[in-house]
Amino acid sequence: MDSVNLTDHFLIAMPAMDDPYFSRALVYVCEHNDQGALGIVVNKPLDMSLQDLFEKVDIPLDATGLNNLPVYFGGPVQTDRGFVLHRPLGQWQSTLAVNDAVGLTSSRDILVAMGQQGQPSDVLVTLGYAGWGAGQLENELAQNGWLTVRADPSIVFSLPPEERLAAAMLALGIDFAHLAEDAGHA
């Protein structure tokens, strides 16, 4: 079986997904290779604003317009660490380049820049990430746990969180409301 690289794709949780972390989740895959996969859940805001987070990590948030942005549950791994999905890519101390425009940064310098200049302006800040070991995501795909579609960053950065899952489904040509609970097998 040829391996497929799902970097820069969305994972759409099938309705039968009963894992509470991933039920109705839309995951942006930031890295996928033979070692495993890393992604960020992009549609589950926490009851925490950027203002709250910046106060907790003792970084001033002087830039306007960011205070009330939500912080998201990014996944069940390292939930005590912050991750910033952003565009443009920029130059940060610790960034995983997803593509030429989007990066995932885990270093403090991006938060300082956001607090001072409000840049990068397209950001989604999470606590934690989703991770899969070698072959684990492929197995979940074979079990019909996820649908996949090439990611459209405008879904992440331009739509409210409650609209992102449906928008990703529409990119596949599927209305989420009509998706059956159990996938059929031919």
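## Basis of the values

Local features are reported at pLDDT of at least 70 and side-chain atom pairs only at pLDDT 80 or more, while totals for chains, interfaces and linings use all residues of this predicted model. Residues are numbered from 1 along each chain as its sequence is written, and side-chain values use heavy atoms, with hydrogens and water left out.

## Overall fold

The protein has five helices and 10 strands. These are DSSP runs numbered from the N terminus, with helices being H or I of at least four residues and strands E of at least two. The C-alpha trace spans about 55 × 35 × 25 Å along its principal axes. For 186 residues, a compact globule would have a radius of gyration near 16 Å, and the protein agrees, at 16 Å. That radius is taken over C-alpha atoms, and the globule rule is 2.2 Å times the number of residues to the power 0.38.

Of the 186 residues, 46% are buried; buried means under 20% relative accessible area, exposed over 50%, and partly exposed in between (1.4 Å probe, protein chains only). The accessible surface comes to about 9,500 Å², and carbon and sulfur atoms hold 48% of that surface. Areas come from the Shrake-Rupley method with a 1.4 Å probe; for residues, only the protein chains shown count as cover. Among contacts (heavy atoms within 4.5 Å) with a separation of 6 or more, 63% are between residues 24 or more positions apart.

## Asp8 and His9

Asp8 is in the segment before β1, and His9 is in strand β1, residues 9-13. Asp8 counts as buried because its relative accessible area is 11%; His9 is buried as well, at 13%.

The side chain of Asp8 makes polar contacts with the side chains of Asn99 at 3.1 Å and Arg150 at 3.4 Å. A polar contact is a pair of N or O atoms within 3.5 Å; within protein, one must be able to donate a hydrogen and the other to accept it, and residues adjacent in sequence count only if both atoms are side-chain atoms. For His9, a polar side-chain atom lies 3.1 Å from the backbone oxygen of Thr7. Leaving aside residues up to four places away in sequence, Asp8 touches Tyr28, Val29, Val98, Asn99, Arg150 and Ala151. With that exclusion, the residues touched by His9 are Val27, Tyr28, Val29, Val149, Arg150 and Ala151.

## Pairing of β5

Strands pair if DSSP finds at least two bridges between them. Strand β5 (residues 70-73) is antiparallel to β4 (residues 45-49), with two bridges; Ser49 has Pro70 in β5 as its bridge partner. Strand β5 also runs parallel to β9 (residues 122-133), joined by three bridges, and Val71 stands opposite Val125 in β9.

## Backbone exceptions

Most residues other than glycine have a negative phi, and most peptide bonds are trans. The bond from Arg87 to Pro88 is cis, with omega near 0 degrees, and Pro88 is in the loop between β6 (77-87) and β7 (95-97). Gln119 and Pro120 are also joined by a cis bond, with omega about -5 degrees; Pro120 lies in the loop between α2 (108-117) and β9.

Asp58 has a positive phi near 60 degrees. Asp58 lies in the loop between α1 (50-56) and β5 and is exposed, with a relative accessible area of 67%. Gln78 has a positive phi of about 50 degrees, is in strand β6, and is partly exposed at 34%.
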